[in-house]
Structures are given as C-alpha cells and as structure tokens.
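Please look over the chain below.

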Amino acid sequence: MLSVSRRELKFLMCCERAAELQAELDGMLDTDRYSKGGYYTVRSLYFDSFRDKDFSQKYDGMENRRKIRLRVYSAAQASAKFEIKEKAGACQKKDSLLVDREHARAFMNGEYAGLLDYEEPVAHRLFGLMTLGAYHPAAVVEYERRAYMYDAFNTRITFDRNVKSCEWFYDIFSEEMPFVPVLTQQIILEVKFSGVLLESIRRILGKYHLTNVSVSKYAAGRPTGAHYIL
C-alpha cells in the first residue's frame with residue numbers, strides 16, 4: 001500500500017504558456033521516470049456511489065469529498081492501481097493498492113469481493129466503501145501527462161493535456177476505447193507539495209500570474225452524466 005498526503009493547487013494554462021513553463025522547469029527539476037521521453041498516458045476508471053454522490057459533491061463545491069479510481073498507464077499492464085483520493089480543503093490524501101489484472105477486471109464489472117484477497121488495510125476499506133455505497137463504474141478518463149519532481153517537501157508538478165473520456169465502456173485494458181475529447185485546448189497544471197512550496201518554484205510560477213481553480217478531470221469527463229445528475 002502507498003499513502004501520500006500533500007497540498008494540491010490546480011491551474012489552467014494555454015498550451016503555449018505551459019510549454020514556456022516546462023522549459024524553465026527542465027533546467028531546474030527532474031522529471032519522473034515515466035516522463036523521460038516526454039508525455040505519457042494515464043488512464044483511469046472512476047467509480048461513483050449510488051446516485052453519483054461523489055460527482056455531485058464536486059459540483060456543489062464541498063470541501064470534504066473523495067474519488068475512487070482504477071488506474072493504468074498502458075492497456076498491456078499486468079496490474080492496476082486501485083486508489084482512494086480524499087480532499088479536505090487544499091489538502092489531499094491518496095491511498096493506493098496494487099491489484100492484478102484478473103481482480104481489476106472483476107472490479108470493472110462491479111464485483112468487489114476480490115478486495116478481500118488482499119491483506120492491506122486500504123483493500124478492506126475499499127471493499128466497505130464500494131459495497132455499502134453501492135459504487136458502480138462511471139467513466140474512463142484518459143490524458144497525457146508530463147511530471148516533474150523534487151525530493152524536498154515531496155514536491156511534484158504535473159502538466160496534463162488532451163483529456164478525453166468514455167461514459168459507457170469501462171474496460172481500461174482495451175486497445176480501442178471509444179473516447180470523446182473533453183478538454184483539448186488547455187493544459188491542467190497541478191502543483192503538489194507537503195508543508196511548504198519551495199521559494200524558487202514559487203517565484204517561477206509567479207511569473208505566469210496563475211489563478212488557482214477547482215478543475216476536475218473526472219467531472220470534465222462526465223458531460224453526459226452531468227446532464228442527468230445535476
């Protein structure tokens with residue numbers, strides 16, 4: 001099990017300004033191991049509760065809310081990450097469980113008993129949440145990411161582009177997902193850190209006059225659902 005607690009700030013940038021910021025960060029920070037060749041793919045199946053409570057709470061702007069997702073970085077992966085991401089104000093906590101492909105396929109079909117095959121506490125918590133909350137697959141969201149990291153204060157800066165989604169087909173291992181573009185003209189910048197943000201990074205970000213926004217790739221990835229839920 002992996003558990004991470006950090007503050008998280010989100011911004012929207014045009015593609016040209018995001019490229020300028022990346023050029024500055026290239027000379028200052030290391031990329032993560034997935035970003036060595038540039039952008040990489042992130043694909044997540046989001047689950048939601050009975051009557052889509054998690055989705056509704058995001059739109060209502062509630063300070064305390066959660067997202068539950070199954071994540072892969074390639075359709076050919078032999079495993080996936082099952083994650084609970086919880087928000088309390090600007091603070092985020094994420095607990096992750098690595099599950100094998102067979103279990104992941106069962107979870108895609110709304111069958112959660114396989115979580116009891118894992119000893120990690122987060123697996124049992126997920127089982128309780130998923131069953132008692134009547135969670136169901138809601139949408140697959142895919143995007144391209146480039147990530148920078150710095151050990152001090154567990155700092156991580158990500159650029160996400162070409163966000164697309166599918167609200168009716170949930171096989172994250174499929175090579176032919178019927179995606180629909182939902183956010184293509186802007187870059188989502190996320191700045192994550194524990195404690196304080198390094199002054200050197202703060203100065204660079206300050207040059208771009210960014211405004212912190214509440215943007216969610218999951219919420220953006222449910223345009224059809226929003227029509228019926230909200």
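## Overall build

Residues 24 or more positions apart account for 70% of the contacts in the chain with a separation of 6 or more. Contact means heavy atoms within 4.5 Å. The model is predicted: local features need pLDDT of at least 70, side-chain atom pairs count only at pLDDT 80 or more, and totals for chains, interfaces and linings use all residues. Residues are numbered from 1 along each chain as its sequence is written, and side-chain values use heavy atoms, with hydrogens and water left out.

The chain holds 7 helices and 10 strands. These are DSSP runs, numbered from the N terminus: helices are H or I with at least four residues, strands are E with at least two. The C-alpha trace spans about 50 × 40 × 35 Å along its principal axes. A compact globule of 230 residues would have a radius of gyration near 17 Å, and the chain agrees, because its value is 17 Å. That radius is taken over C-alpha atoms, and the globule rule is 2.2 Å times the number of residues to the power 0.38.

## Surface and burial

Of the 230 residues, 50% are buried. Buried means under 20% relative accessible area, exposed over 50%, and partly exposed in between (1.4 Å probe, protein chains only). The accessible surface of the chain is about 11,200 Å². Carbon and sulfur atoms own 52% of that surface. Areas come from the Shrake-Rupley method with a 1.4 Å probe; for residues, only the protein chains shown count as cover.

## The cavity

Rolling a probe the size of a water molecule over the atoms shows where empty space is left. On a 1 Å grid over the protein atoms alone, a cavity is a set of points where a 1.4 Å probe fits but cannot get out; a pocket is an open set with protein on both sides within 12 Å along at least five of seven lines; lining residues have an atom within 4 Å of a point. Points are joined across faces, edges and corners, and a volume is the space filled by probe spheres set on them.

The count is 1 cavity of 30 Å³ or more. The largest cavity holds about 180 Å³. It is lined by 19 residues, and Glu8, Arg69, Lys85, Lys94 and Lys192 are the closest to its centre. Strand S1 (2–14) gives the most to this lining, with 5 residues. By class, the lining has 4 nonpolar, 1 polar and 14 charged residues. Here Ala, Val, Leu, Ile, Met, Phe, Trp, Tyr, Cys and Pro count as nonpolar, Asp, Glu, Lys and Arg as charged, and the others, Gly among them, as polar.

The largest pocket has about 540 Å³ of space. Of its 23 lining residues, Leu2, Tyr73, Lys81, Lys94 and Arg156 are the closest to its centre. The lining divides into 9 nonpolar, 4 polar and 10 charged residues.

The second largest pocket has a volume of about 370 Å³. It has 25 lining residues, with Lys58, Arg65, Lys87, Gln92 and Ser214 nearest its centre. S1 supplies the largest share, 4 residues. The classes are 7 nonpolar, 6 polar and 12 charged.

## Valine 99

Valine 99 sits in strand S6. Its relative accessible area is 1%, so valine 99 is buried. Beyond its neighbours within four places in sequence, valine 99 contacts Leu70, Ser79, Ala80, Phe82, Ala104, Phe107 and Tyr118. Valine 99 and phenylalanine 82 are 17 residues apart in sequence and 6.9 Å apart in space, C-alpha to C-alpha.
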